[in-house]
Amino acid sequence: MSKTRQTLWLLLLSLLVCGGAWAQNNTNSPYTRYGLGQLADYGSANSRAMGGVAFALRDKFHINSANPASYTAVDSLTFIFDGGVTLQKDNLSNGTIKMNANNSSFDYITMQFRAAPWAGISLGLLPFSNVGYQFGTTMEDEVNSDNANTVTYQGEGGLHRIYLGAGFKIFKNLSVGANISYLWGQISRTTSESFASNSAILPFSRAVDVDIKSYLLDFGVQYTHQFSKKHQATIGVVFTPGHDLSNTTTITTQTGNSSLGY
């Protein structure tokens with residue numbers, strides 16, 4: 001078995017292991033309550049270090065999965081294997097209450113190699129979105145204190161994506177490429193309302209669990225103009241066709257406290 005094939009099998013095994021042990025809940029933002037949550041950055045650490053520059057980024061020593069046309073930049077003698085870990089510190093405040101949260105998670109694992117003088121291949125596992133929040137509010141009833149209630153919102157989960165991409169050099173300065181990704185993950189959101197212990201009103205909760213399995217396509221183009229040996233400019237464009245995500249949604253409602261038998 002060639003070294004390249006051994007490396008490919010090792011990467012696939014790593015992707016399966018990392019995908020099974022992914023620590024998804026790496027955010028504490030209440031804004032992840034909406035939509036698919038907080039969308040993750042496509043780029044690698046190199047891209048994020050430059051403020052998220054991605055579509056026109058072209059480097060033979062770094063993987064840019066945001067634009068598959070960049071895969072043709074890889075050197076013929078280079079096999080790139082890249083992984084990342086995210087450390088995040090959040091400071092949240094609503095004007096009266098402050099909260100600090102520290103999060104860490106395995107972020108991404110990618111690889112890239114040249115398949116031909118005019119083609120490059122990339123494969124990787126990346127986060128797509130993250131959901132993680134828990135907050136609530138208490139409302140007092142000035143007329144009847146027994147009716148005071150507390151509403152709590154909680155959510156967790158997110159989506160992952162594993163992709164396979166290829167880039168092709170059409171002309172000396174023009175490259176095109178495409179990524180095909182498999183998306184999967186689960187997002188759980190729960191809203192619960194409870195009342196004072198001496199209230200005759202039973203607590204209520206509503207849980208919405210969404211299981212998503214779908215695909216994603218990315219098409220990219222890069223054009224590079226060489227001004228001199230040390231200076232060049234690259235223009236990049238990426239197009240992602242929109243479509244409805246395949247999902248299964250389960251809604252569970254409960255009135256009363258099951259642990260107390262009512």
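Biologist: Is Ser214 buried or exposed?
Modeller: This is a predicted model, in which local features need pLDDT of at least 70 and side-chain atom pairs count only at pLDDT 80 or more, while totals for chains, interfaces and linings use all residues. Residues are numbered from 1 along each chain as its sequence is written, and side-chain values use heavy atoms, with hydrogens and water left out. Buried means under 20% relative accessible area, exposed over 50% and partly exposed in between, with a 1.4 Å probe and protein chains only. Ser214 has a relative accessible area of 7%, so Ser214 is buried.

Biologist: Which residues does Ser214 touch, not counting residues up to four places away in sequence?
Modeller: Ser214 has its place in strand β7, where helices (H or I, at least four residues) and strands (E, at least two) are DSSP runs numbered from the N terminus. The C-alpha atoms of Ser214 and Leu245 are separated by 5.6 Å, although the two are 31 residues apart along the chain. With contact meaning heavy atoms within 4.5 Å, and residues up to four places away in sequence not counted, Ser214 touches Ser181, Tyr182, Leu183, His243, Asp244, Leu245 and Ser246.

Biologist: How are the rings of Tyr182 and Trp184 arranged?
Modeller: The structure holds five aromatic pairs. The rings of Phe, Tyr and Trp (its six-membered ring) pair if their centres lie within 6.5 Å, and planes under 30 degrees apart count as stacked, over 60 as edge-to-face and the rest as tilted. Tyr182 is partly exposed at a relative accessible area of 39%, and Trp184 is partly exposed at 23%. The ring centres of Tyr182 and Trp184 are 5.8 Å apart with the planes at 15°, so the pair is stacked.

Biologist: Over the face of which residue does Arg33 lie?
Modeller: A charge sits over a ring if NZ of Lys or CZ of Arg is within 6 Å of the ring centre and within 35 degrees of the ring normal. One aromatic cluster is formed by Tyr133, Phe135 and Tyr153. At 4.2 Å from the ring centre, Arg33 lies over the face of Tyr153.

Biologist: How many bridges join β7 to strand β8?
Modeller: Two strands pair if DSSP finds at least two bridges between them. β7 and β8 form a hairpin with five residues between them, and the bridge partner of Gln222 in β8 is Gly236. β7 and strand β8 (residues 232–239) run antiparallel, and the number of bridges joining them is eight.

Biologist: Over how many bridges do strand β6 and β7 pair?
Modeller: β7 also pairs with strand β9 (residues 247–255), in the antiparallel sense over nine bridges, and there Val208 has Ile251 as its bridge partner in β9. Strand β6 and β7 pair in the antiparallel sense, and the number of bridges is 20.

Biologist: Where is Asn67 found, and what is its relative accessible area?
Modeller: Asn67 is found in the loop between α2 (45–48) and β2 (79–93). Leaving aside neighbours within four places in sequence, Asn67 is in contact with residues including Gln222 and Gly236, and these two are bridge partners of each other. Asn67 is buried, with a relative accessible area of 0%.

Biologist: Which residues make up the largest nonpolar core?
Modeller: In soluble globular proteins, nonpolar side chains tend to be buried together. A nonpolar core is a set of buried Ala, Val, Leu, Ile, Met, Phe, Trp, Tyr and Cys residues joined through side-chain atoms within 4.5 Å. The largest such core has seven residues, namely Ile63, Tyr71, Val74, Ile80, Tyr108, Leu126 and Tyr163.
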